[in-house]
Amino acid sequence: MNYWLVKSEPQKYPISRFEEDGSTIWDGVRNYQARNNLQAMRLGDLCLYYHSNEGREIVGLARVVKEAFQDPTTSEDAWVVVELAFEELFPRPFGLAEMKAHPVLSKMELIRQSRLSVVPVRTEEFDLVIRLTHPEEN
DNA sequence: GCCAACGTTGGC
DNA sequence: GCCAACGTTGGC
């Protein structure tokens, strides 16, 4: 199982809407590196859901339910989408500032490659984020 | 609103 | 193939 982080601007597609929709096609990616990450996603992989711009925090979790296929919003065959299903709204969000202040999480690709909309997440990082956003289960 | 980082484009 | 100009993203 691989882990990822996907970004969405909350004014465009907040996690609240994702939750209502149940699932969505992750379209509009027009960056080759992000595209490569989409293509590397496998069925069942989990994606942290990050609100960029406003919020700047990890707010929940999505699951890959369909692997990469042609992006229907463009005729250019270079671009793909995956289908993501809503998995969870975290009991507590995890802010970018907290990540930057953390010895392990400050090394996340999200921070190193701040402009990429789809980035890989290491298992250790994923586990930490889950633990830190679920305080009552510690 | 500004700016840094980075990708893309196009002239040479 | 290099590099300057420009556009986009996103943090601050």
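Residues are numbered from 1 along each chain as its sequence is written, and chains are lettered from A and ligands numbered from 1 in the order in which they are written. Because the model is predicted, local features need pLDDT of at least 70 and side-chain atom pairs count only at pLDDT 80 or more, while totals for chains, interfaces and linings use all residues; side-chain values use heavy atoms, with hydrogens and water left out.

## DNA strand C

A residue is near a strand if one of its heavy atoms lies within 4 Å of it. Around DNA strand C stand K7, E9, Y50, S52, N53, R56, L96, K100, S114 and R115. By class, this surface has 5 charged, 3 polar and 2 nonpolar residues. Here Ala, Val, Leu, Ile, Met, Phe, Trp, Tyr, Cys and Pro count as nonpolar, Asp, Glu, Lys and Arg as charged, and the others, Gly among them, as polar.

Which parts of DNA strand C lie within 4 Å of the protein, sugar or phosphate, or bases? Of those atoms, 73% belong to sugar or phosphate, and the rest to bases.

## DNA strand B

DNA strand B has N31, Y32, Q33 and R115 around it. These residues divide into 1 nonpolar, 2 polar and 1 charged. Of the atoms of DNA strand B within 4 Å of the protein, 54% belong to sugar or phosphate. The rest belong to bases.

Y32 sits in helix 2. Helices (H or I, at least four residues) and strands (E, at least two) are DSSP runs, numbered from the N terminus. Leaving aside neighbours within four places in sequence, Y32 is in contact (heavy atoms within 4.5 Å) with A78 and W79. Y32 and A78 are 46 residues apart along the chain, yet their C-alpha atoms are separated by 8.5 Å.

## Phosphate contacts

| Residue | Atom of the residue | DNA strand | Distance to phosphate oxygen |
|---|---|---|---|
| K7 | polar side-chain atom | C | 3.4 Å |
| Y50 | side-chain N or O atom | C | 2.9 Å |
| N53 | polar backbone atom | C | 2.9 Å |
| Q33 | polar side-chain atom | B | 3.4 Å |

Most residues other than glycine have a negative phi. N53 has a positive phi of about 70 degrees, although it is not a glycine. Phi of R56 is near 50 degrees, also a positive value in a residue other than glycine. N53 lies in the loop between strand 3 and strand 4, and R56 is found in the loop between strand 3 and strand 4.

Buried means under 20% relative accessible area, exposed over 50%, and partly exposed in between (1.4 Å probe, protein chains only). N53 is partly exposed at 46%. R56 is partly exposed at 48%.

## The core

A nonpolar core is a set of buried Ala, Val, Leu, Ile, Met, Phe, Trp, Tyr and Cys residues joined through side-chain atoms within 4.5 Å. The largest has 40 residues, of which L5, M41, L48, I58 and L84 touch the most other members. Strand 5 (residues 80–95) gives the most to this core, with 6 residues. Beyond four places in sequence, L5 touches residues including L48, Y50, I58 and V119.

## Salt bridges

How many salt bridges does the structure hold? There are 7. Each is a side-chain nitrogen of Lys or Arg within 4 Å of a carboxyl oxygen of Asp or Glu.

K12 pairs with E9, with the closest N and O atoms 3.5 Å apart. K12 is exposed at 57% relative accessible area, whereas E9 is partly exposed at 23%.

E67 and R42 meet at 3.6 Å, N to O. This pair links distant parts of the chain, 25 residues apart: E67 is in strand 4 (residues 57–70), and R42 is in the loop between helix 2 (32–40) and strand 3 (46–51).

R122 and E125 meet at 2.5 Å, N to O. Salt bridges that share partners join E109, R112, R122 and E125 into one network. R122 is partly exposed at 41% relative accessibility, but E125 is buried at 2%.

Notes: A polar contact is a pair of N or O atoms within 3.5 Å; within protein, one must be able to donate a hydrogen and the other to accept it, and residues adjacent in sequence count only if both atoms are side-chain atoms.
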